[in-house]
Structures are given as structure tokens and as C-alpha cells.
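Here is a short report on one protein chain. Keep the sequence and the 3D view open as you read.

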Amino acid sequence: MIEVVAARSERRNTIAKAFTEDLLKQTESEDVPLRRYDLAPLMQNQALDWDASDGIESVQIVMLKLKDLAGDGRIQLEVPAKNQMDFHDYAQEYFGEHNPLLSGSFVPTQARISIRFHPENNSNRCKVLPVKITMPNGCDLRSRTEKERLIGEKYLTRWGLLEVID
């Protein structure tokens, strides 16, 4: 699958059609919906909930890259995946009144979320699905299995991080 990214959907469709016809020598193609990501909800301390039926044990924000609105500065906040402290609590504890998540002076440009599943088939090990999102439309779910993509897209949409534009 090849995804075409363009500022306007008309351009995107024209580019995709030209690519399909000229380079792939195919006359028919299926429309691939545009995916737009929004990491702003991760700046708030909202719960990333899930359905028990999906076998998920926990979900954790493990990294956020932030860009300073006033200039070219950047900050990366990272919490070890096995840390028991919530990402926002960690930032508050270490930054206090200078917490960049609450300052309004930064916007998120990249995030990494860890989705941990309950062990399966009498195993002691948990399977982890790390999801890396880069603004405005980058996500590493494309390189995952179909099941992992479905789970990832379901929850990114639920959490307000993914908008699929037809």
C-alpha cells in the first residue's frame, strides 16, 4: 500500500490516480482515506481507556516531543515504559509550575504510546504494541500486522488522536 499525502484532497486524488495509471500501469485503484493525526489531546491528563475484550492490560504515554511556540526550541519528555507513574504525574513532579504540558507554550510534534496486552497461551510475557505518531500524518502502524493496525487505529480514533478523512 502506498499512501499519498497532499494539502488538499483533490490534489491527493489526482496524484494517486496519476501514480496508479502511469507508474503501476493499473486503471483501477481503491481510495485510501487520508489520516490526520492530532496530538493535542495528549497534553491533557485524560484517561486513555480501552475495551477489556481486546486483551489490553495497560496503555501508557511513554514519550512526547514538544515544539516551543515562541521559537525553534524543542523538548522531549520520556518515561520508561515500566514506570508505575503516569506520564502527566511524572511531568508535574519533575517540572512543577514549569510543566511544559500545562504552560500553553508548547505543541506536541511526536508521541509514542505503549499498548501492553495480557499474556496469551500460558505465556508469562506480555506483548507490547508501541505506536509512534508524528505530526501531521505520520504513524508507524502501517508496518504492523493487520490485527495490530486495527487495534491501533481503533484506539487512536477513540482517544481523539486520529481523524480519517474520506
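The sections below cover the model, its salt bridges and its surface charge.

## The model

This is a predicted model, where local features need pLDDT of at least 70, side-chain atom pairs count only at pLDDT 80 or more, and totals for chains, interfaces and linings use all residues. Residues are numbered from 1 along each chain as its sequence is written, and side-chain values use heavy atoms, leaving out hydrogens and water.

## Salt bridges

A salt bridge is a side-chain nitrogen of Lys or Arg within 4 Å of a carboxyl oxygen of Asp or Glu. The count is 10. One of them pairs E153 with R35, at 3.1 Å from N to O. This pair links helix α3 (residues 146–158) to strand β1 (residues 34–37), 118 residues apart. Helices (H or I, at least four residues) and strands (E, at least two) are DSSP runs, numbered from the N terminus.

R158 has a salt bridge to D51, with the closest N and O atoms 2.9 Å apart. R158 lies in helix α3 and D51 in the loop between β1 and β2, so the pair ties together parts 107 residues apart in sequence. Shared partners join D49, D51, D54, K154 and R158 into one network of salt bridges.

## Buried or exposed

Buried means under 20% relative accessible area, exposed over 50%, and partly exposed in between (1.4 Å probe, protein chains only). R35 is buried at 15%. E153 is partly exposed at 21%. R74, in strand β3 (residues 74–78), is exposed at 58%.

## Cysteines

The structure has 0 disulfides (pairs of cysteine sulfur atoms within 2.5 Å). C139 is buried at 10%, and C126 is partly exposed at 26%.
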